[in-house]
Amino acid sequence: MTVPTKILLEESELPTHWYNIIPDLPSPPPPVLHPGTLEPVGPDDLAPLFPMDLILQEVAQDSYIEIPEPIREIYRLWRPTPLYRAHRLEKSIDTPARIYYKYEGASPAGSHKPNTAVAQAYYNALAGVRKLTTETGAGQWGSALALACRMFGLECEVWQVAASFDQKPYRGSMMRTWGATVHSSPSEMTNAGRAILAQDPDSTGSLGIAISEAVEVAATNDDVNYSLGSVLNHVLLHQTVIGQEATVQLNKVGETPDVIIGCTGGGSNFSGLSFPFLREKLAGNINPVIRAVEPAACPSLTKGEYRYDFGDTIGMTPLIKMHTLGHSFVPDPIHAGGLRYHGMSPLVSHLVDSGLMEAAAIGQVECFEAAMQFAQTEGIIPAPEPSHAIAGALREANQCRESGEEKVILIALCGHGHFDMAAYDAYLAGDLHDYEYPSEAIESALAQVPVVA
C-alpha cells in the first residue's frame with residue numbers, strides 16, 4: 001500500500017490509560033534507597049516532595065493506570081499527535097528504509113513534556129499544593145510545567161541551567177508568559193546554589209545543580225512540592241501516550257518497526273515512545289532493536305557506570321541505581337541542554353543493563369548536520385535534543401542503502417527548534433564544535449559517588 005505522509009488518529013482514539021512496563025519485565029528494577037540507611041525508601045520518605053497519587057504511581061504494579069478525565073481534556077488540545085512518514089528525507093539519501101517520526105512539537109509548549117507536566121500539576125492541585133518548584137535545562141520542561149501550573153491554578157518556580165538560561169532567553173520568556181518565576185542556576189537564592197558559586201563563581205550549571213536548588217525550596221516549605229520532568233517511573237509512565245498512539249498509527253498502515261530510536265537525557269521521551277513497543281517485544285509479537293542516542297559530551301549510558309548515585313549534585317535526593325557520570329559532573333555547555341543530565345532513568349538503565357535496549361553516543365556537529373538535512377527535506381526545524389534521534393536514524397538508513405535492507409525506522413521527534421536558532425546560527429557560521437569526552441572530569445566525579453554494597 002502507499003503510505004501517506006501524515007498518519008492521524010481521531011480524538012476518540014486518545015489513550016485512556018498510561019502503560020506501566022514494570023510488571024511485564026523479566027526482572028524488577030533495583031529499589032530506590034534512603035541515603036542514610038541504604039534501605040528501600042517508603043512513601044513517607046517521598047512525601048515532602050510529591051503528592052501520594054504520584055508516589056503510588058512511582059511504585060505501581062498495575063500494567064495500566066487510568067488517565068483522569070481532567071487530564072485527558074487538556075491532552076485533547078494537541079493529542080493525538082501525528083505520525084509522519086519521512087518520504088522526502090528518505091529520497092534525499094536514496095535509502096530503501098522507511099523512516100517514521102512521531103511529532104510531539106505540536107503541543108502548546110512545543111515538546112512532549114506537557115504529557116507529564118499536566119498530570120503532575122493535576123495531582124498536586126488535588127493534594128492542595130500551592131506551588132511547584134523544578135529545574136530545567138533547555139527550557140522545554142520548565143515551559144511545560146509553567147503551562148500546566150497555570151491551567152490548575154498553581155504557582156511555578158523554575159531553576160534553569162545557566163548555560164541554557166543564557167543561550168535560550170525566549171524559553172524564559174515563555175515560562176514567564178505563563179506566570180512562572182525563572183532563575184538562572186546556580187543562584188544565590190538557595191544554600192545549594194551559593195555553595196556551588198562559592199566553589200566556581202563562573203559555573204555554567206548542570207541539571208543536577210538545578211535539581212538541588214528546586215528540591216531544597218520544596219523540602220523546606222510545607223505547601224510547596226517538587227516536580228521532575230524525566231528520570232522517575234511516574235514521569236516515564238505519563239509519556240507512554242506517545243508510544244501507544246504510535247502503535248495504533250503504524251498498525252493503520254500495516255507497518256512494524258525494525259528499529260526504534262530516541263534521544264536520551266533522562267529518558268522520558270525515549271521511554272514514552274519505546275515502552276509500548278517493548279511490551280509487544282516481550283510478548284513475542286515483534287522484535288525491534290530499541291536504541292537510545294545520547295550526546296557524546298554527556299554519555300551516561302555509553303561511558304557511565306551502572307551504580308547507585310544521587311539524582312542531584314548536592315546529595316539531597318535518594319540513591320538511584322542508574323548509569324551515571326557522577327552526581328558532581330558538570331557537562332560542557334552543548335546546545336542540547338535537555339540532554340546534559342549526569343544520570344539516566346533507572347528504568348532505562350535497567351533495560352540497557354538487561355540487554356533489552358542498546359545505546360549510542362553522537363557528537364553535536366553530526367547531530368546538527370542531521371537536523372539541517374531534516375529541516376531542508378521535512379520542513380520541521382528540530383530542537384537540538386531530537387537531532388540525536390535523527391542522526392541515529394540517518395546512520396541506520398545509510399546502512400540500509402549500503403546493504404539494500406528495507407527496514408522500518410521509527411523515531412521520536414520530541415520538540416521543535418524555534419527557540420534554538422542561536423544554535424543553528426552557530427552551526428551555519430562554523431562556530432559549532434564537538435566537545436571531547438572529559439574522562440578525567442568523570443573519573444573525578446565517579447570517585448565521589450557513594451559505595452553501596
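This is a predicted model: local features need pLDDT of at least 70, side-chain atom pairs count only at pLDDT 80 or more; totals for chains, interfaces and linings use all residues.
User: Is H6 mostly covered or mostly open?

Analyst: Mostly covered: 10 of the 12 residues of H6 are buried. Among them are Trp-141, Leu-145, Leu-147 and Cys-149. The cover over those buried residues includes helix H5 (114–126), strand E6 (131–136), strand E7 (155–161) and helix H8 (169–177). Just after H6, Gly-153 takes a positive phi of about 75°.

User: You mentioned a cysteine. How many disulfides does the structure hold?

Analyst: A disulfide is a covalent bond between the sulfur atoms of two cysteines. This structure holds zero of them. Take Cys-156: the nearest cysteine sulfur belongs to Cys-149 and is 4.2 Å away. The cut-off for a disulfide is 2.5 Å between the sulfurs, so a pair has to be within that to count. Cys-414 is in no disulfide either, with the sulfur of Cys-263 nearest at 3.9 Å.

User: And are Cys-156 and Cys-414 buried or exposed?

Analyst: Buried means under 20% relative accessible area. Cys-156 has 4% relative accessibility, so it counts as buried. Cys-414 has 6%, so it counts as buried too.

User: Got it. How many residues are in the largest nonpolar core?

Analyst: That core has 91 residues. The ones with the most contacts inside it are Trp-18, Ile-71, Tyr-75, Tyr-100 and Tyr-226. A second, separate core has 26 residues, including Ile-93, Tyr-103, Ala-370 and Ile-411.

User: Can we zoom in on one of those? What does Tyr-226 touch?

Analyst: Leaving out residues up to four places away in sequence, Tyr-226 touches a list that includes Leu-49, Phe-50, Glu-135, Ile-211 and Val-215.

User: Which elements supply at least two residues each to the lining of the largest pocket?

Analyst: On the helix side there are H1 (43–46), H2 (52–58), H10 (207–219), H11 (233–239) and H15 (346–353), and strand E13 (319–324) contributes as well. H2 gives the most, with three residues.

User: What about loops? Where is Thr-240, and is it buried or exposed?

Analyst: Thr-240 lies in the loop between H11 and helix H12 (241–252). Its relative accessible area is 0%, so Thr-240 is buried. Leaving out residues up to four places away in sequence, Thr-240 touches Trp-18, Tyr-19, Gly-272, Phe-275 and Pro-276. Compare Gly-36, in the loop between strand E2 (17–19) and H1: that residue is exposed, with a relative accessible area of 62%.

User: Last topic: backbone angles. Which peptide bonds are cis?

Analyst: Pro-80 sits in the loop between helix H3 (69–75) and strand E4 (83–85). Another cis bond goes from Ser-185 to Pro-186, with omega near 10°. Pro-186 is in the loop between strand E8 (181–185) and helix H9 (191–199).

User: And which residues other than glycine have a positive phi?

Analyst: Asp-94 is one, with phi near 55°. Asp-94 lies in the loop between helix H4 (87–93) and strand E5 (98–103), and it is exposed at 60% relative accessible area. Val-231 is another, with phi of about 75°. Val-231 belongs to the loop between strand E9 (224–226) and H11, but this residue is buried, at 5%.

Notes. Residues are numbered from 1 along each chain as its sequence is written. Side-chain values use heavy atoms; hydrogens and water are left out. Buried means under 20% relative accessible area, exposed over 50%, partly exposed in between (1.4 Å probe, protein chains only). Helices (H or I, at least four residues) and strands (E, at least two) are DSSP runs, numbered from the N terminus. Contact means heavy atoms within 4.5 Å. A nonpolar core is a set of buried Ala, Val, Leu, Ile, Met, Phe, Trp, Tyr and Cys residues joined through side-chain atoms within 4.5 Å.
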